[in-house]
Amino acid sequence: MQGYSRSNWLSNLDTEEIQSLQINASLPSSLTIFPPPITIGDVMDLLAGLNPQQQQALTAGPGPVLVLAGPGSGKTRVLTHRIAYLVSQLGVRPYNILAVTFTNKAAREMEARVEGLIGEVRGLMLGTFHSTCARILRREAQHLPFESNFVIFDSDDQVTLVRQICKELNLDDKTYRPHSIHNRISGAKNELILPEDFPILTYRDEIIQRVYQRYQALLLNSNALDFDDLLLYTANLLDANIEVRQTYARRFEQILVDEFQDTNMAQYRLLMHLASFHKNIFVVGDVDQSIYRWRGADYRNVLRFENDYPDSVVILLEQNYRSTQNILDAAMAVIEPNPNRTHKNLFTEQRGTGNKIVLTECFDGREEGKFIVEKIALSVAQEGREPGEFAVMYRTNAQSRLIEEAFIMNNLPYKLVGAQRFYGRREIKDVVAYLRLVHNPLDEVSLLRVINTPRRKIGGKTLADLHRRATQTGQAQTDILLDLAQHDAESAHTHAFTPAAGRSLTAFGALLAGWLDAAQDLSPMELMDLILEDIQYQDYLDDGTDEGVDRWENVLELRRVAAEYEQRDLGEFLEQLALVSDQDTIDETENVPTLLTLHAAKGLEFPVVFIAGLEDGTLPHQRSFDEPESMAEERRLFYVGITRAKDQLYLVHAENRMTYGYSEPTEPSRFLDDIPAELIDGLGHVRAGRPSRSVRQQYSWDAAASSSAAIIQPQYKAGMNVRHPSWGEGMVLNTHIDGGDEIVDIFFQDIGLKKVVAALAHLEIMDG
DNA sequence: AGATGAGCGGTTTTT
DNA sequence: CCGCTCATCT
């Protein structure tokens with residue numbers, strides 16, 4: 001039923017009309033311009049199914065509200081229901097609501113759920129911090145030192161730029177590693193520290209300040225912003241420009257923030273400015289899930305919020321709707337040792353105690369992969385689980401490789417979360433750089449990337465000449481190229497180059513001129529097609545290897561993404577590309593296991609979760625050892641991983657792990673010691689057996705294969721004590737099905753490890 | 001200008 | 001172990 005509703009009615013109006021109505025509406029008048037607040041059902045419908053704390057959160061306010069939401073406590077539900085409540089019960093116009101999240105995926109999900117509650121909502125400002133800021137900055141560009149068609153530099157571009165500057169300043173890139181300098185710059189930006197205010201304690205700081213200064217200047221030269229700039233410029237604009245601040249502060253009657261514990265200083269200040277007029281700011285967070293300190297996030301913003309708004313309502317959500325009690329108990333035990341936290345009691349009312357947590361020790365990373373894949377295959381084949389119900393999580397991306405290999409070896413499909421994996425590829429970056437250059441010809445990082453890709457005989461010497469010429473004439477490099485193309489040999493610039501170089505540059509300028517011209521009336525995809533054709537990119541990639549073919553496939557994949565932007569302009573397409581997060585690329589329609597980092601897992605849930613690589617040095621990561629605050633964050637990371645699991649949790653560690661090419665023995669993660677033994681299946685540390693020769697035949701989760709496979713149940717369990725007629729007593733370490741037989745690995749007291757075919761070996765079980 | 005190979009350094013996590 | 005930078009050669 002989409003009857004007469006205020007939101008539907010409003011959706012037909014554009015913003016100017018709404019603003020004029022707003023003025024009218026405030027006039028004393030007998031005329032009712034707005035109908036009374038709509039009632040889609042009534043408030044009871046929105047409250048239904050919510051527990052008392054959730055209900056309190058839903059209707060809290062006016063004024064600041066802080067919701068401390070444990071994992072799985074229904075915070076997304078609270079957020080979405082609250083938006084629905086504001087719109088449908090309090091009559092707040094969607095246009096006057098701002099909701100911010102950290103990923104596009106979270107934003108999309110929120111939008112879908114709000115629409116599910118109250119129908120289509122137009123005008124609501126809902127997005128990530130970064131995309132919201134980009135919107136504001138494009139709109140307010142007249143107050144700012146860049147144009148509204150600015151491009152967003154990704155982390156690669158950012159480091160490239162720093163590297164350029166280091167060269168320019170003749171810095172030794174061993175002592176001044178571009179990555180580390182960029183980190184410092186980024187850290188400063190997150191704290192809203194401008195180059196001139198950069199604190200100088202050492203000589204190194206002085207250098208960094210110089211680079212920072214130059215970095216900002218070059219970004220502006222390129223009409224480009226980096227991720228941090230999006231927040232920084234917006235926060236500073238709101239800080240400095242009272243009019244702009246008032247415009248937005250008055251507009252946003254209601255502000256809602258997800259994952260508040262992961263805000264940094266810039267984001268915090270930004271929010272405070274936006275909320276400065278109405279002060280209706282509703283933030284949801286969990287300090288125990290704060291895992292982005294290295295990116296400037298500061299969970300103390302939660303405390304800061306309480307200080308800045310002493311009258312704020314604080315609501316605690318503890319009841320968990322996701323996990324079994326065993327999983328919650330383990331999670332609590334892991335997080336409890338962290339200092340400076342308030343105890344939260346996670347409990348479930350409907351999920352029950354659940355299975356114990358399975359802890360497994362494998363010989364090395366390879367076996368770890370095999371163990372996981374085998375376990376998944378077995379569950380699919382025997383327990384009727386769907387492949388998509390499984391997730392494998394790890395601390396570092398590098399760990400995914402061995403796990404992937406195990407899947408590939410068994411010819412089983414999986415999906416890997418990680419946008420960087422795709423958008424960081426050379427061929428993708430090339431094509432995107434071409435598009436970016438056409439969108440914003442000032443973008444020198446992109447120009448540099450594409451001007452000689454494919455090879456056009458434009459080398460370092462020629463580029464230096466071009467750069468010098470640009471500096472001398474005060475023109476952009478692109479302008480010189482275009483001028484060469486336009487006047488051919490007659491250009492005023494021609495003499496600045498050798499004849500051969502001049503010809504190459506002129507030819508490239510002509511290409512660029514063509515694209516700039518064509519871009520006016522082409523969709524992003526059409527423009528991409530034109531460029532690919534002009535530069536013969538497919539031929540360039542095709543080097544006769546499989547890799548070349550793969551690369552072209554990736555380009556076609558990007559083309560498919562571009563095709564979705566038929567109705568929108570190039571700028572929007574490029575912005576999306578720059579701001580995709582790893583989570584955003586998760587394809588939920590594919591029914592296969594998910595591989596992802598613990599960071600990427602935040603906010604997600606899976607029936608069965610494997611956490612791999614639980615060793616000291618990996619989780620907690622080595623680089624966190626010396627800093628207590630970092631160790632606490634590693635613990636939170638583990639906590640986040642554990643609390644993703646709904647039904648079953650597997651914790652896996654390897655006795656040996658490859659680092660830098662050679663294998664080293666490891667210690668199990670110290671965090672494992674904090675999980676009470678009674679929550680763990682078996683005796684704790686159980687060695688995984690040798691993997692079966694081929695799990696593929698038995699455990700394939702192709703529907704046909706899994707239903708037709710002859711399935712036998714293992715009769716033995718790890719931890720059992722058994723007696724063999726001739727080898728004596730031993731303990732079962734592992735058991736698996738291979739070729740229709742149950743193979744049991746047994747450690748015999750007298751003779752050591754043996755593999756035994758259960759059906760042939762007359763084993764006697766001595767205990768359960 | 002561009003292709004090839006030795007040497008090196010590096011790994012956390014990502015909008 | 002792998003990917004990247006730099007030097008040397010064609």
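This is a predicted model: local features need pLDDT of at least 70, side-chain atom pairs count only at pLDDT 80 or more; totals for chains, interfaces and linings use all residues.
## The chain as a whole

Chain A has 768 residues, and 54% of them count as buried. Its secondary structure comes to 30 helices and 23 strands. Among contacts in chain A with a separation of 6 or more, 75% are between residues 24 or more positions apart.

Is Ala 60 buried or exposed? With a relative accessible area of 12%, Ala 60 is buried, because the limit for that term is under 20%. Leaving aside residues up to four places away in sequence, Ala 60 touches Val 65, Arg 82 and Ile 315. For a sense of scale, Ala 60 and Leu 556 are 496 residues apart in sequence, and their C-alpha atoms are 49 Å apart in space.

## How some helices meet

Two packed helices are described by the angle between their axes and the distance between the axes.

| Helix pair | Axes come within | Crossing angle |
|---|---|---|
| H19 (residues 426–439) and H26 (residues 546–563) | 9 Å | roughly 45 degrees |
| H24 (residues 524–535) and H26 | 8 Å | roughly 150 degrees |
| H5 (residues 75–88) and H6 (residues 104–118) | 9 Å | roughly 50 degrees |

Let us take H19 and H26 to begin with. Their axes cross at roughly 45 degrees, which makes H19 oblique to H26. The crossing of these two helices, H19 and H26, is right-handed. On the H19 side, the contact is made by Arg 426, Glu 427, Ile 428, Val 431 and Val 432, and on the H26 side by Arg 551, Asn 554, Val 555 and Leu 558. Sorted by class, the contact of H19 with H26 has five nonpolar, one polar and three charged residues.

Asn 554 deserves a look of its own. It belongs to helix H26, and its relative accessible area of 14% makes it buried. Which residues does Asn 554 touch, not counting residues up to four places away in sequence? They are Phe 422, Arg 425, Glu 427 and Ile 428.

H26 also meets H24. The axes of H24 and H26 cross at roughly 150 degrees, which makes H24 roughly antiparallel to H26. Met 525, Met 528, Asp 529 and Leu 532 of H24 make this contact with Trp 552, Val 555, Leu 558, Arg 559, Ala 562 and Ala 563 of H26. By class, the contact of H24 with H26 has eight nonpolar, no polar and two charged residues.

The pair H5 and H6 comes next. With a crossing of roughly 50 degrees, H5 is oblique to H6. H5 passes H6 in a right-handed crossing. From H5, the residues Thr 76, Arg 77, Leu 79, Thr 80, His 81, Ile 83, Ala 84, Val 87 and Ser 88 meet Glu 109, Met 110, Arg 113, Val 114, Leu 117 and Ile 118 of H6. The contact of H5 with H6 has eight nonpolar, four polar and three charged residues.

## Details of the backbone

Most residues other than glycine have a negative phi, and most peptide bonds are trans. Some places in this model depart from that pattern.

A cis peptide bond joins Thr 453 and Pro 454, with omega about -5 degrees. Pro 454 is in the loop between helix H20 (444–450) and helix H21 (460–473). Leu 619 and Pro 620 are also joined by a cis peptide bond, with omega about 5 degrees. Pro 620 is in the loop between strand E15 (606–611) and helix H28 (628–642).

Asn 411 is not a glycine, yet its phi is positive, about 60 degrees. This residue lies in the loop between helix H17 (400–409) and strand E13 (415–416), and Asn 411 is exposed, with a relative accessible area of 57%. Gln 536 has a positive phi as well, near 55 degrees. Gln 536 lies in the loop between H24 and helix H25 (537–541), and is partly exposed, with a relative accessible area of 37%.

## Around DNA strand C

Which residues are around DNA strand C? They are Asp 173, Arg 401, Tyr 660 and Gly 661. By class, the residues of this surface near DNA strand C divide into one nonpolar, one polar and two charged. Of the atoms of DNA strand C within 4 Å of the protein, 38% belong to sugar or phosphate, and the rest belong to bases.

Terms used: Residues are numbered from 1 along each chain as its sequence is written. Chains are lettered from A and ligands numbered from 1 in the order in which they are written. Side-chain values use heavy atoms; hydrogens and water are left out. Axes are lines fitted to C-alpha atoms, for helices over the stretch in contact, and angles run from 0 to 180 degrees between N-to-C directions. Helices (H or I, at least four residues) and strands (E, at least two) are DSSP runs, numbered from the N terminus. Angles under 35 degrees count as roughly parallel, over 145 as roughly antiparallel, 65 to 115 as roughly perpendicular and the rest as oblique. A crossing is left-handed if the near helix is turned anticlockwise from the far one by less than a right angle, and right-handed if clockwise. Contact means heavy atoms within 4.5 Å. Ala, Val, Leu, Ile, Met, Phe, Trp, Tyr, Cys and Pro count as nonpolar, Asp, Glu, Lys and Arg as charged, and the others, Gly among them, as polar. A residue is near a molecule or strand if one of its heavy atoms lies within 4 Å of it. Buried means under 20% relative accessible area, exposed over 50%, partly exposed in between (1.4 Å probe, protein chains only).
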